[in-house]
There are 2 protein chains.
Amino acid sequence: MDPFMQAAIEEAQKGLAEGGIPIGSVIVHDGKIIGRGHNRRVQEGSAIKHGEMDAFENAGRQPARVYREATLYTTLSPCAMCSGAILLYGIRKIIVGEHETFMGEEELLKSRGVEVDVLHDPVCVGLMQQFIADKPELWNEDIGE
Amino acid sequence: MDPFMQAAIEEAQKGLAEGGIPIGSVIVHDGKIIGRGHNRRVQEGSAIKHGEMDAFENAGRQPARVYREATLYTTLSPCAMCSGAILLYGIRKIIVGEHETFMGEEELLKSRGVEVDVLHDPVCVGLMQQFIADKPELWNEDIGE
């Protein structure tokens, strides 16, 4: 397992242990994690802290060059908001754990030149399948449905 | 002046007074402001709290129906991240103070069925023109450039 996807999965599992939605993300620059995070809808009552957004917030104010050279890892295909953040900061490559349980804006990202690698990871799929079965209302809220 | 755009401008002015980037936003549902905010890059060292995002965070966890019926006001044309949040929550109408100093993802929003009204407001234009002239590096950082 790619150690950075492993770190994103650990973030997702941390979120689940906190009673939250199990989606995690890390941002990697120059072989090091510069930002990590997980969905905090439940924990902070947040409408904007999806896993990827939390990783951006944790990475914080970086020179444009750093974000442009970074790779974002996320356990789940990024929604419109997180995809928009990826475009804003000019991230050129993302590694997605799975898009089986939710298909985000991968086509938009690819149309803007972002490389999107999907791992179809069974651990990521399992986390979301179990969560969606357990708390469908919470999941729907998180994706605006 | 529309009182809701006036409220968004007051948020932008509050941000400026705090030493921040003068962009403000309010989210309106059923004739009432349910969320308001301004850019907090400087104030909180935030990479994700643009004005619109701060307004979403302030509005917080709302039923999907509420966001879908809401109108978002922003003093400046929304970037890719904020436009993505608008799409995630199914906001159907946005009122934009100006897009003269920065053109956001209005075409993407319109292609997804969002109504985009641009007011070409001179107060909004003036706030950004002055700010960009005073602190170009900060502005470039905010838009990932």
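The model is predicted, and local features require pLDDT of at least 70, side-chain atom pairs count only at pLDDT 80 or more, and totals for chains, interfaces and linings use all residues. Residues are numbered from 1 along each chain as its sequence is written, chains are lettered from A and ligands numbered from 1 in the order in which they are written, and side-chain values use heavy atoms, with hydrogens and water left out.

Chain A contains eight helices and five strands, where helices (H or I, at least four residues) and strands (E, at least two) are DSSP runs numbered from the N terminus. Their order from the N terminus is α-β-β-α-α-α-β-α-β-α-β-α-α. The radius of gyration of chain A is 14 Å, close to the 15 Å that the globule rule gives for 145 residues, so the chain is as compact as a globular protein of that length; the radius is taken over C-alpha atoms, and the rule is 2.2 Å times the number of residues to the power 0.38. Along the principal axes, the C-alpha atoms of chain A fill a box of roughly 40 × 30 × 25 Å.

Of the 145 residues in chain A, 61% are buried (buried, under 20% relative accessible area; exposed, over 50%; partly exposed, in between; 1.4 Å probe, protein chains only). Among contacts (heavy atoms within 4.5 Å) in chain A between residues at least 6 apart in sequence, 52% join residues at least 24 apart. The accessible surface of chain A is about 5,600 Å², with 48% belonging to carbon and sulfur atoms; areas come from the Shrake-Rupley method with a 1.4 Å probe, and for residues only the protein chains shown count as cover.

Rings of Phe, Tyr and Trp (its six-membered ring) pair if their centres lie within 6.5 Å, and planes under 30 degrees apart count as stacked, over 60 as edge-to-face and the rest as tilted. One of these pairs, Phe4(A) and Tyr73(A), is tilted, at 5.5 Å centre to centre and 55° between the planes. This pair links distant parts of the chain, with Phe4(A) in helix α1 (residues 3-17) and Tyr73(A) in strand β3 (residues 71-76), 69 residues apart. Tyr73(A) counts as buried, at 8% relative accessibility. In chain B, Tyr67(B) and Tyr89(B) form a tilted pair, at 4.6 Å centre to centre and 35° between the planes. Tyr67(B) belongs to helix α4 (residues 64-69) of chain B, and Tyr89(B) to the loop between α5 (80-88) and β4 (93-98), 22 residues apart. Both Tyr67(B) and Tyr89(B) are buried. In chain A, ring pairs join Phe56(A), Tyr67(A) and Tyr89(A) into a cluster.

Helix α5 (residues 80-88) of chain A has nine of its nine residues buried, so it is largely enclosed by the rest of the structure. The buried residues of α5(A) include Met81(A), Cys82(A), Ile86(A) and Leu87(A). After α5(A) comes Gly90(A), with a positive phi near 70°.

Most residues other than glycine have a negative phi. His120(A), however, has a positive phi near 50° and is found in the loop between β5 (115-118) and α7 (122-134) of chain A. His120(A) is partly exposed, with a relative accessible area of 43%. In chain B, phi of His120(B) is positive, near 50°, and the residue lies in the loop between β5 (115-118) and α7 (122-134) of that chain. His120(B) is partly exposed, with a relative accessible area of 42%.
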